[in-house]
Amino acid sequence: MTDTKKLKASNKQAGRKIGGTVAIFVFLLLLGTFMALPIYLACVMSIKPVHELFVFPPKLYVIDPTLDNFKDMFATLSDMWVPFSRYVFNSVFVTVCVTVAQCVFASMAAFVLAKCKFPGNKFLNGVIVVSLLYQSNVIYIMQYIVMAQLGMINTYWALILPSVASPMCLYLMRQSMTTIPDAMIEAAKVDGANMFTICWKIVMPNQKPALMTMIIFAFQAAWNIQGGTLVYKESLKTLPTVVQQAASSGLARAGVAMAAAVFMLIPPIVIFMIAQKNVIETMAHSGIKD
Amino acid sequence: MDNAAIGKRSKAENRRLIWLQMKQNKECYLMMLPFMVIFFIFTTVPVVMSLPMGFTDFDMVQLPKFVGLSNYTTLFLNDSIFVQSIRVTLVFAIFTGPLSYVLCFLLAWLINELHPKLKTIFTLIFYAPSMANVYTVWQLIFSGDSYGYLNSVLLNLGIINSPIQWLTDGEYVLGVTIVVQLWLSLGAGFLSLRAGFQNIDRSQYEAGAIEGIKNRWQELIYITIPSMGPQLMFAAVMQIVSSFTAGTVAQSLVGFPSTDYKAHTIMTHAYDYGWVRYEMGYASAICMVLFIAMFLVNKLISKILSKYMD
């Protein structure tokens with residue numbers, strides 16, 4: 001445990017004993033192993049050759065790792081009507097649009113809802129929570145009707161717009177922003193800043209952990225957008241849709257399905273790592289500033 | 001003049017005052033506008049349109065026909081599977097809701113005690129299950145023949161003599177789904193609590209240390225929890241939603257319908273009527289009952305939390 005020294009140095013807080021930190025580490029390690037096991041199995045399954053998928057007793061490791069499952073998946077994908085790169089473009093385009101728009105719009109709306117007193121504030125806050133709680137399978141039909149009325153079926157709009165205004169992200173930001181002291185905003189107002197400047201120059205830099213969390217949520221949701229009935233043109237379909245098709249038509253289904261799942265998991269994990277790294281860096285900064 | 005009327009404004013005055021306030025806050029409305037317009041068109045309008053569906057007979061081919069309260073009366077009086085699904089949902093919610101809420105908080109806190117590099121790794125490990133669509137891998141773990149990982153381990157250890165049908169035996173179905181749901185449940189709530197811990201001003205801890213806080217527990221109770229109220233509320237809402245509306249996991253894991261409807265939640269029931277039988281009116285009545293239940297639980301929890309925070 002060479003890390004314990006560093007651990008101690010990083011905690012300038014009261015009553016930290018090395019023993020306690022080690023105990024926490026061991027506890028998390030054990031629980032983490034249980035949590036990570038299924039994902040580890042999925043990764044192992046994705047590189048197992050077909051003849052290893054059905055041996056008894058089932059093995060926790062691969063004897064003869066192969067990328068056949070991934071090759072199989074990509075072979076199926078490149079056989080489709082539309083070139084594979086088109087699906088990649090669709091997914092990347094939709095994901096970037098949704099994530100950026102969602103973070104910008106939700107941050108501004110959350111700031112106003114959390115920190116301004118104006119007629120209708122309480123009502124709007126209530127509406128957001130209720131819309132989180134109300135889950136009904138009829139909504140999709142109604143959404144379809146609305147989209148059809150607006151002539152958005154089979155366009156990129158159908159993929160992007162319904163996901164942009166996510167009540168979950170708004171609620172997350174709003175909750176986080178309520179902890180900002182009013183004095184900070186008042187001081188900025190006295191200095192002549194308008195609300196827009198206060199939001200982006202003063203409040204948001206202090207909200208990096210929440211912002212990064214929102215980016216993770218937004219990216220993850222956007223990356224998995226399928227379109228469903230809203231988009232049925234082949235050239236507008238996104239990766240999750242076609243990867244699922246490929247997974248269900250593969251030769252050794254279990255292996256290819258796992259390869260597809262692992263493949264789709266990589267971008268969200270990359271975003272997650274980048275976002276988390278950012279959070280830790282800001283915390284170091286604010287420590288110096290204070 | 002009446003004594004009670006002193007200091008009170010007339011209706012017209014009130015209206016003028018509100019109008020004035022609205023004018024003063026022009027900027028606020030402008031900043032909300034992009035979000036609210038999209039939210040209104042793609043969420044509020046469909047939700048409001050779906051509200052009256054519970055009172056209709058709607059098969060998606062013909063126009064909805066008004067039938068009054070008959071959907072609701074059938075639901076509670078004649079639909080024994082619905083009553084069963086209420087029981088399943090409650091058991092499910094009691095096990096996955098509070099338990100995973102506590103787990104979210106506990107893990108977020110413990111991770112926060114570690115070195116920054118380890119923080120990232122552990123957060124990823126605990127959050128990854130809700131990021132990935134890999135819960136099908138549990139099918140391999142709980143597979144009913146001796147090729148299943150769990151069965152093969154138990155057979156090897158001699159605990160059981162013949163493989164157990166984890167996914168089809170009515171006795172285990174609900175337990176298995178609860179385990180998988182718990183595994184999946186460290187999602188949005190967990191991550192927002194992690195963000196909350198990271199957002200706490202470090203100087204508060206230093207001040208606390210000077211004031212005589214002796215250990216982690218005291219720090220948690222006197223400094224951390226009181227400044228985490230908003231995140232705790234967010235996590236609570238997320239847990240309510242995920243534990244009450246669970247259903248897809250059960251459907252893909254133990255099949256649909258599950259053995260003896262042992263893992264048949266309200267959401268599964270709504271799916272059954274909505275997308276299998278195309279009785280949308282009935283399905284939306286089911287969803288309405290669920291929404292009312294979730295709304296009440298949410299009210300209750302926010303009351304408890306706000307009392308505790310102050």
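How many helices and how many strands does chain A have? Let's find out in this predicted model, one close-up at a time.

**Figure 1. Chain A on its own.** Chain A has 14 helices and zero strands. Reading from the N terminus, its elements run α-α-α-α-α-α-α-α-α-α-α-α-α-α. The chain holds 290 residues, and 40% of them are buried. Take the contacts in chain A between residues at least 6 apart in sequence: 75% of these join residues at least 24 apart.

**Figure 2. The two domains of chain A.** The domain assignment of chain A gives domain 1, covering residues 18–66, and domain 2, covering residues 72–289. Taken over C-alpha atoms, the centres of these two domains of chain A are separated by 30 Å. Where they touch, domain 1 of chain A gives seven residues and domain 2 of chain A gives seven residues.

**Figure 3. A look at the domain 1 side of that contact.** Which elements of chain A give two or more residues to the side of domain 1 that touches domain 2? They are α2 (18–46) and α3 (50–53) of chain A. The largest share, four residues, comes from α2(A). Sorted by class, this side of domain 1 of chain A has five nonpolar residues, one polar and one charged.

**Figure 4. Where chain B meets chain A.** The contact between the chains takes 90 residues from chain B and 86 residues from chain A. On the chain B side, helix α2 (residues 26–50) of chain B provides the largest share, with 17 residues. What kinds of residues make up this side of chain B? They divide into 58 nonpolar, 24 polar and eight charged.

**Figure 5. Two helices packed together in chain B.** Two packed helices are described by the angle between their axes and the distance between the axes. Here the pair is helix α9 (residues 188–199) of chain B and helix α12 (residues 229–244) of chain B, which pack at an angle of about 175 degrees with their axes 8 Å apart. Because angles over 145 degrees count as roughly antiparallel, α9(B) is roughly antiparallel to α12(B).

**Figure 6. The residues between α9(B) and α12(B).** From α9(B), the contact is made by B:A188, B:G189, B:S192, B:L193 and B:G196. Across from them, α12(B) brings B:Q231, B:F234, B:A235, B:M238 and B:Q239.

Definitions and conventions:
Residues are numbered from 1 along each chain as its sequence is written. Chains are lettered from A and ligands numbered from 1 in the order in which they are written. This is a predicted model: local features need pLDDT of at least 70, side-chain atom pairs count only at pLDDT 80 or more; totals for chains, interfaces and linings use all residues. Two residues are in contact if their C-beta atoms, placed from the backbone, lie within 7 Å. Ala, Val, Leu, Ile, Met, Phe, Trp, Tyr, Cys and Pro count as nonpolar, Asp, Glu, Lys and Arg as charged, and the others, Gly among them, as polar. Axes are lines fitted to C-alpha atoms, for helices over the stretch in contact, and angles run from 0 to 180 degrees between N-to-C directions. Angles under 35 degrees count as roughly parallel, over 145 as roughly antiparallel, 65 to 115 as roughly perpendicular and the rest as oblique. A residue is buried if 20 or more other C-beta atoms lie within 10 Å of its own, exposed if 12 or fewer, and partly exposed in between; C-beta atoms are placed from the backbone. Domain bounds come from an automatic or database domain assignment.
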